[in-house]
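Subject: Structure for you to look at

Hello,

Here is the structure I promised, with its sequence. Please open it first, then read my notes below with the model on your screen.

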Amino acid sequence: MACPGRLLQGLTEDEDVRAMLRGSRLCKIRSRTWHKERLYRLQEDGLSVWFQRRIPRAPSQHIFFVQHIEAVREGHQSEGLRRFGGAFPPARCLTIAFKGRRKNLDLAAATPEEAQRWVRGLAKLRARLDAMSQRERLDHWIHSYLHRADSNQDSKMSFKEIKSLLRMVNVDMNDMYAYRLFKECDHSNNERLEGAEIEEFLRRLLKRPELEEIFHRYSGEDRVLSAPELLEFLEDQGEDGATLARAQQLIHTYELNETAKQHELMTLDGFMMYLLSPEGAALDPAHTCVFQDMDQPLSHYFISSSHNTYLTDSQIGGPSSTEAYVRAFAQGCRCVELDCWEGPGGEPVIYHGHTLTSKILFRDVVQAVRDHAFTLSPYPVILSLENHCGLEQQAVMARHLRAILGDVLVTQALDSQNPEELPSPEQLKGRVLVKGKKLPAARSEDGRILSDQEEEDEEEEEAEATEQRRRLISQAKQISPELSALAVYCCATRLRTLCPNPVPPQPCQVSSLSERKAKKLIREAGNSFVRHNTRQLTRVYPLGLRMNSANYSPQEMWNSGCQLVALNFQTPGYEMDLNAGRFLINGQCGYILKPACLRQPDTTFDPECPGPPRTTLTIQVLTAQQLPKLNTEKPNSIVDPLVRVEIHGVPADCARKETNYVLNNGFNPRWGQTLQFQLRAPELVLVRFVVEDYDTTSPNDFVGQFTLPLNSLKQGYRHIHLLSKDGASLSPATLFVHIRIQRF
């Protein structure tokens with residue numbers, strides 16, 4: 001069968017892409033002694049790269065996908081190549097960094113020219129993939145499976161090959177029905193489909209009856225939508241700014257038929273293109289760029305925060321790596337943690353103290369911050385120092401911070417007239433803040449113990465005032481003046497109690513609380529804790545007992561206005577899905593403006609007592625399309641999908657409801673079931689759509705999910721573009737739903 005590489009359209013004559021199709025022998029570098037030459041070759045689909053393995057494995061483990069690439073770096077721009085690539089000139093080296101937990105691929109080519117071919121070629125393929133519409137991705141996806149199902153590569157499809165194709169795309173079709181569909185397309189009557197017959201079969205297979213039904217409801221007998229008919233659909237959808245001019249613009253953007261476009265008409269194909277586009281998605285496109293007010297104090301924002309950022313695995317024996325910081329920044333993280341310990345040769349190191357985790361140099365992490373902190377977001381980064389170093393190495397830390405970060409580092413208050421006021425993200429664009437201990441002489445003594453070390457025993461009784469003073473003096477001796485000077489807006493302090501009528505706010509003080517202490521305050525202090533968080537920053541971190549770097553649900557902490565809710569970014573799960581959903585909007589810049597009820601100093605809001613329901617959310621789960629096959633090595637394994645909708649918000653709003661499962665159909669399952677939710681604090685709600693493979697004897701298997709804030713959810717008929725456990729796109733997998741939000 002001819003190459004189905006529709007991704008390669010326009011690139012087939014490109015020299016770089018052609019060289020990648022021929023393949024290259026590249027040296028994979030994993031350690032000082034582990035350098036292995038392997039053949040890497042771009043597949044004809046243009047979507048994946050095949051590579052040789054010393055030990056043969058399942059075919060799916062011999063490829064990586066272009067859409068899973070996070071970045072391609074030239075030269076010695078990874079921790080691996082800086083440590084182990086010395087034998088290879090930087091001009092011959094490249095690093096492929098992946099989304100999710102997959103390790104970097106550090107490679108050396110035979111020549112600089114060959115390295116550049118791969119760097120340029122992958123950049124072109126990624127740009128082409130990003131520019132593809134959902135309809136093009138679907139077309140490309142089905143043709144790539146068609147190419148694989150054509151076992152003898154004769155460009156003709158027997159019924160046996162068609163059955164193989166159906167299993168590959170996750171549909172278990174009745175043999176009689178499948179053969180009838182096959183024969184209806186076999187116009188040459190030779191038990192083979194080819195050319196136009198194959199295209200007709202695929203067109204029938206990809207039919208969307210539920211979309212046709214909606215289209216015909218508005219188009220009438222002539223089976224095309226005029227601009228006024230499309231406008232009626234947009235108004236029923238609840239689209240903001242639905243005008244005739246808007247309807248005409250959509251026709252010109254999405255209609256494929258030139259004649260229809262000239263007459264300002266939209267065909268069914270154009271209608272499908274529109275509904276599968278970002279404008280037809282559940283996420284409001286207006287919320288994908290920075291749209292919130294970025295001029296309020298830092299304490300008025302949720303800030304994407306990481307715990308034990310240096311770890312790539314568990315906190316007991318996992319490796320530490322500067323790459324973990326690069327990945328966190330690529331996910332929009334704005335507050336990273338540095339656990340600093342005494343290192344050999346006078347150089348501080350970062351690792352999880354008293355464990356078997358490996359160590360990395362403090363200065364290497366600061367360099368990673370300098371090089372990668374602002375690639376995705378221009379807004380400020382907070383370095384949360386957990387400092388276990390003596391005075392000498394603290395001074396070394398301060399010198400590295402100043403020397404490496406230079407003017408990027410905040411070393412004094414921006415407004416000398418109001419040094420105690422927290423600046424805004426806008427004022428701090430492109431700057432790095434240090435969260436750490438401050439020498440007590442530089443602060444007004446309010447009786448609090450100053451510390452940047454996370455307390456593990458929050459059940460400890462309050463110490464006597466004399467004991468507090470003794471410990472304060474003792475700790476002060478352990479704080480280097482050089483490092484103390486760098487804690488300008490984020491001065492670490494312990495929060496022991498919350499008074500109903502608090503002392504004058506100290507905006508530049510940041511409290512670090514374990515999840516247990518935070519939950520206790522939420523439960524016992526309620527509104528007082530919310531008010532505290534309107535004025536100053538609070539960081540919450542996972543209990544030290546979570547040895548496998550498991551996470552807690554961040555929602556409970558956000559409900560009380562905690563800004564720095566730190567999670568283990570290296571551990572996938574629903575908790576990180578919620579974090580990704582919370583920070584999905586506002587340009588994924590890592591800062592989200594808190595709702596008004598969490599910003600007003602005299603707020604009466606208490607997440608435990610949110611008041612009566614104010615909003616009804618009704619979701620009709622209609623269909624799904626092209627769900628991924630979970631067991632690609634077993635041709636007959638087909639998913640039995642169900643959809644669960646979860647509401648994450650204040651405790652009274654938290655709920656989950658699910659559909660029935662559909663037997664043996666991951667290709668185009670249909671539910672048509674309605675799920676309804678009553679919401680008391682809608683401004684805090686995250687909605688999580690989950691697809692699972694139903695299993696009668698064991699827990700259901702995860703298929704895909706998508707999480708977003710209720711306030712960014714569009715009404716009407718919408719497609720939800722599903723993500724993997726690691727947050728990578730599962731394109732072309734989608735859910736098709738109808739959403740209604742009633743506020744009262």
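Two strands count as paired if DSSP finds at least two bridges between them. Keep that in mind for the first stop. Also note that this is a predicted model.

Start at strand 20, residues 509-514. How many of its six residues are buried? Six of the six are, so the cut-off matters here: buried means under 20% relative accessible area. Now look at which way the residues point. Q509, S511 and L513 point one way from strand 20. V510, S512 and S514 point the other way. Residues of both sets are buried.

Strand 20 has a partner in strand 19, residues 490-493. The two pair in the parallel sense, over three bridges. Find T493 and look across to strand 20: its bridge partner there is S511. Strand 20 also pairs with strand 21, residues 538-541. That pair runs parallel too, and four bridges join it. S511 turns up again here, opposite T538 in strand 21.

Take a closer look at strand 5. Strand 5 pairs with strand 6 (residues 93-98) in the antiparallel sense, and the pair has five bridges. For one place to check, find R73: T95 in strand 6 is opposite.

**A hairpin**

Strand 25 (residues 641-648) and strand 26 (residues 655-658) are antiparallel partners over four bridges. Together they form a hairpin, with six residues between the two strands. I647 has its bridge partner, A655, in strand 26.

**Helix 7 and what covers it**

Helix 7 spans residues 196-205. Which of its residues are buried? They are E197, I198, E200, F201, L202 and L205.

Two packed helices are described by the angle between their axes and the distance between the axes. Here the angle is about 125°, and the axes are 12 Å apart. On the helix 4 side, the contact is made by I142, H143 and L146. On the helix 7 side, it is made by I198, E199, L202 and L205.

**Salt bridges**

The count of salt bridges comes to 36. Here are some to find.

- R180 and E184: their side chains meet at 3.9 Å, N to O. Both lie in helix 6, four residues apart, which is about one turn of the helix. R180 is partly exposed, with a relative accessible area of 48%. E184 is partly exposed as well, at 36%.
- R670 and E213: the closest N and O atoms of this salt bridge are 3.8 Å apart. R670 lies in strand 27 (residues 670-679) and E213 in helix 8 (residues 209-219), so the pair ties together parts that are 457 residues apart in sequence. R670 is partly exposed, at 47% relative accessibility. E213 is partly exposed, at 46%.
- E426 and K429: this salt bridge is 3.3 Å, N to O. E426 is partly exposed, at 30% relative accessibility. K429 is partly exposed, at 38%.

Which residues are linked in a network of salt bridges? They are D577, R644, E646, R656, E658, R688 and E692.

Best wishes

Definitions and conventions: Residues numbered from 1 in each chain as written. Predicted model: local features only at pLDDT ≥ 70, side-chain atom pairs only at ≥ 80, totals over all residues. Heavy atoms only, no water. Buried < 20%, exposed > 50% of the residue type's maximum accessible area, 1.4 Å probe, protein only. Salt bridge = Lys/Arg side-chain N within 4 Å of Asp/Glu carboxyl O. Axes fitted to C-alpha atoms, helices over the stretch in contact; angles between N-to-C directions. Contact = heavy atoms within 4.5 Å.
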